[in-house]
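Subject: Model handover, salt bridges

Hi,

Please have a look, then read my notes below.

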Amino acid sequence: MQLRTLTGRAAALPALITAGLVLSACGQAGSEPAGEGASRSPAVAAPLVATYDGGLLVIDGETLDVAADIPLDGFNRVNPAGDGRHVLVSTSTGFRVLDAAAPELTDTEFEGAEPGHVVRHAGKTVLFSDGTGEVTVFDPQDLGDGLPEGETFTTDHPHHGVAVELDNGELVVTLGDEEERPGIQVLDADREETARSEECPGVHGEATAQGEAVVIGCEDGVLIYKDGEITKVDSPDDYGRIGNQAGSEESAIVLGDYKKDPEAELERPEQVSLIDTGTGELSLVDIGAGYSFRSLARGPHGEALVLGTDGRIHVIDPGSAEVERTVPVLDEWEEPLEWQQPRPTIFVRGDTAYVTDPGANELHAVDIESGEETATAELPGTPNELTGV
């Protein structure tokens, strides 16, 4: 295993930064936000939100009853806003705010071309608009009465990127343009560059582990940013792409996917990666089944969870890098060629794993500890993405 440590270096700020009010546009659990959302008691208990072709389903997380069916054209994506009440819906024009507890799709929108990654960490939510390279940072507790005050930062070039703000105000953000995405830069609280690495071809995805170690995926391994230093961890294969990751504050080890065929139209891997942010070691685990980018999750104690094409949740002990047990949930399934097409999806909240079954238009709730299925519901549409507050 080859590791290379890159020390931080000061550099001129390579991008435009604007602080202040993020203008309003018309058109994991925590305390409720200030504003109108906090003044109303939740109508939906522990809401889940599923997308389908033509709308959104708001689902009671306890009963799995559909509380609202909200029409919304287009291919929409959903992410928790981070305040325990709202969900951000990525549409063709930006990140629109859904009050999942109401339930109501508001007119509040963070405008942005090609809205992409949403990252929640250290009490802040960070949005990345691929079409402009604009990063928006805000406190999700301020949602509920229009758009909150926040900060925007624009990268040198638009690209499919991601950013995360750390507890000390540092911003880790990807580098790239339309042609390539070579790495990351780290900016301090004043948005002066303190470190960068361009040793991460095809940079994609982000996860934060115990101790605020940030893992960014590459086509040949990962970058780890921790304690002011960027470390490159190489994959065991020349091409070993890790593009999707799942982290946990309960574990120093990040779960990632792993693909090693650069020529495949759609590679269906049966190995996942485990990146130890403490030692810099990268391990591969064979789960004996395929999976998709919507198959990765973490359990309440840091367990690594992978929803396999065999219909089972594979529970991996990150420390031993072994599959401890499997939990049957679905029939066997195959990942579709187009990434926008529905496929089984796992979302974890507390001790419960929620799993969609697009083939049967069903949603399942599974207790992670016991492996018992606690509830099943039939949905009025074919579920695609799934999230919750």
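What follows is a short account of the salt bridges.

This is a predicted model, where local features need pLDDT of at least 70, side-chain atom pairs count only at pLDDT 80 or more, and totals for chains, interfaces and linings use all residues. Residues are numbered from 1 along each chain as its sequence is written, and side-chain values use heavy atoms, with hydrogens and water left out.

A salt bridge here is a side-chain nitrogen of Lys or Arg within 4 Å of a carboxyl oxygen of Asp or Glu. By that rule there are 13 salt bridges.

One of them pairs E165 with R191, at 2.7 Å from N to O. E165 sits in strand 14 (residues 163-165), while R191 is in the loop between strand 16 (183-187) and strand 17 (193-197), so the bridge ties together parts 26 residues apart in sequence. Strands are DSSP runs of E, at least two residues, numbered from the N terminus.

Both partners are buried: E165 has a relative accessible area of 7%, and R191 has 2%. Buried means under 20% relative accessible area (1.4 Å probe, protein chains only).

Next, E193 and R196. Their closest N and O atoms are 2.9 Å apart. E193 is buried at 3%. R196 also counts as buried, at 19%.

Then D234 and K232, which meet at 3.7 Å, N to O. D234 is buried at 12%. K232 is buried at 1%.

Finally, shared partners link K124, E151, E165 and R191 into one network of salt bridges.

Best wishes

Conventions: Helices (H or I, at least four residues) and strands (E, at least two) are DSSP runs, numbered from the N terminus. Buried means under 20% relative accessible area, exposed over 50%, partly exposed in between (1.4 Å probe, protein chains only).
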